[in-house]
Amino acid sequence: ATETFGTFSAYNLNMPAYACESQVPALGVDFHCFDSEGNSVVGQRGEMVVTTPTPSLPLYLWGDKDNERMIEAYFSKYGTGVWCQNDEGYFNPETKGFAVIGRSDNVLKQFGERLSPDDIYIAIEHIEKLEDYICVCQDSACCDPRNILFVQLKKGCAFTPEVKEEIKRNIQQDLSVVSVPEVIMEVPDIPYNINNKRMESTVKKIVMTNTIPEVTNIRNPDCLKHFRDIPEIVNYK
């Protein structure tokens, strides 16, 4: 929803600008940050939503019969009438501006801590033996949520206990002890969409359901099979 979000934010030449923040919502956009209960909040992270119709909202998706995909994708989280595109952000009570942190459906949760997958990626990007990586959260009805880090190693490198410890050490040093994913395992490839972005949402769906969802914008679909039928994941209930 990057293109859509560009129509929700604006600038005001009469106001100061602050790094990493948008100054104001666009004219006619009833823009809010909602907590998990659907309350508008300021100064804390939440879902960025539009609560009343605005001219820039799309009317339908191409080929979407009866608007089913549109409703499921953008109007299902808080009910009809509230546009939610799964972007996490916050309104700054001091500057009155707002910032977008990242995809809310990709947020990592473990031991009461919330962080972005990018936090993990930045912590391990300099490890020479790693080719690529993707991190998702595994929720459970009976157990606490935990984070799973899948890593792809460079050719000729093995996923040894030493490599695993180096990953843990880097995350602990850059972030904290509780930020280290509970599960770290090797996979032969990491899924990317046609825009060259990691597909955390798709991997999380596989982790949560042990089934491969229908995906149309993936660059390397054959790799998805490597994220299912993993006993350590399937048996976490």
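Reader: What makes S10 and S11 a pair?

Author: In this predicted model, strand S10 (residues 146–153) and S11 run parallel and are joined by 4 bridges. Two strands pair if there are at least two bridges between them, so S10 and S11 qualify. Take Leu149: its bridge partner in S11 is Ile184.

Reader: And which strands make up the sheet, in what order?

Author: The order is S9-S10-S11, an open sheet with mixed pairing. On average, neighbouring strands are turned by 20° against each other, direction ignored.

Reader: Why are S9 and S11 called edge strands?

Author: S9 (130–138) and S11 (183–186) each have a single partner strand, so one side of each has no neighbour in the sheet.

Reader: What lies across S9 and S10?

Author: That's helix H5 (residues 200–209), running at about 55° to S9. Several H5 residues are buried, among them Val203, Ile206 and Val207. Their label means under 20% relative accessible area. The cover over the buried residues of H5 includes helix H3 (117–124), S9, S10 and helix H6 (231–234).

Reader: How do you know whether Leu59 is buried or exposed?

Author: Its relative accessible area is 70%. Exposed means over 50%, so Leu59 is exposed.

Note on methods:
Residues are numbered from 1 along each chain as its sequence is written. This is a predicted model: local features need pLDDT of at least 70, side-chain atom pairs count only at pLDDT 80 or more; totals for chains, interfaces and linings use all residues. Side-chain values use heavy atoms; hydrogens and water are left out. Axes are lines fitted to C-alpha atoms, for helices over the stretch in contact, and angles run from 0 to 180 degrees between N-to-C directions. Contact means heavy atoms within 4.5 Å. Buried means under 20% relative accessible area, exposed over 50%, partly exposed in between (1.4 Å probe, protein chains only).
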